[in-house]
Amino acid sequence: MMIIVCQKCDTRLQVDEAKVPSRPFVVRCPKCHSSMDSESPGPVLAQSATALGGSPATGEHRFERPTPAPLFEPEQQAPVPAAGAAADRLVELFASLINQPTATGRKLPYARPTWDQRKALVCVPEDSRESVARSLAANGYQVFVANDAGQAVDRMRENVLDVVLLDPRFDPVEQGPVFVTREVNILRPAQRRRLFFVLLSPTLRTMDAHAAFLNNVNAIINVSEIDELPSLLERRVREYNELYKDFNATLGLQAL
């Protein structure tokens, strides 16, 4: 897939390489209607969200190997009992069974199986990274912790995440919130629906739907209630899955 970036509004247009002519061509930006040259100077990565403002995720480092946010691994984890493993396998088999097409060809909706851990990216200040990561890992999440904007963006570009948690105080030197938010905003609608974006705010009210809409996030959780993060997140994700239940069933997608 070829990506062309508008030089005026930074809109990214994906073009099927099989349909790209061998000679240079020009297309019109669907957002600002300016001309987009297929041979605009500089690599695509230099025109992406993190290139703006001299972010360390690109700039002079854009030719180096990506450094995505590492997987959080608690020092002490209780071993999973054999009975628990057997139960998880049973759930897996049951989930695959009820996901078979019906007589009408339509797949039945089903909840996300417990063995399939949600993948969460934590973008919060250093003083709260450990506690947030531990609370999510203890509640069945596979957690990635970003130390800076570069790690956050590199992990998000792998398109394997289910949840992104962002604190506006994350990596202020490199404008972390700006680049994390832009990586979410440039997702295609189908990708955006499969990503649950949470704002951990020191000022906004928990589960304020109006504030969430204005900030283009799926949920807001006040940092004063961070101890209740797993339960609050689980409730909001459950509501989100209920909202898209029929839509996901039609497309044969499991719940987040």
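In this predicted model, the crossing of helices H2 and H7 is right-handed. The two helices, H2 and H7 (residues 229-243), pack at an angle of about 55°, and their axes lie 9 Å apart. An angle under 35 degrees would count as roughly parallel and one of 65 to 115 as roughly perpendicular; H2 and H7 are therefore oblique to each other. On the H2 side, the residues that meet H7 are Val132, Ser135 and Leu136, and their partners in H7 are Leu229, Pro230 and Leu233. Sorted by class, this contact of H2 with H7 holds five nonpolar residues and one polar residue, with no charged residues.

From H3, the contact draws on Ala149, Ala152, Val153 and Met156; from H4, Gly176, Phe179, Val180, Glu183 and Val184 take part. By class, seven residues in the contact of H3 with H4 are nonpolar, one is polar and one is charged.

We can now turn to the sheet. Five strands form an open sheet in the order E6-E5-E7-E8-E9, and their pairing is parallel. Its edges are strand E6 (142-145) and strand E9 (219-222), each of which pairs on one side only. On average, and with direction ignored, neighbouring strands of this sheet are turned by 20° against each other.

Within the sheet, strand E5 (residues 119-123) pairs in the parallel sense with strand E7 (residues 163-166) over four bridges. Here Leu121 stands opposite Val164 in E7. Helix H4 (residues 176-185) packs on the sheet, where it touches E5, E7 and strand E8 (196-201). The direction of H4 makes about 155° with that of E7.

Technical notes: Residues numbered from 1 in each chain as written. Predicted model: local features only at pLDDT ≥ 70, side-chain atom pairs only at ≥ 80, totals over all residues. Heavy atoms only, no water. Pairing = 2+ DSSP bridges. Axes fitted to C-alpha atoms, helices over the stretch in contact; angles between N-to-C directions. Contact = heavy atoms within 4.5 Å. Parallel < 35°, antiparallel > 145°, perpendicular 65-115°, else oblique. Left-handed = near helix turned anticlockwise from the far one by under 90°. Nonpolar A, V, L, I, M, F, W, Y, C, P; charged D, E, K, R; others polar.
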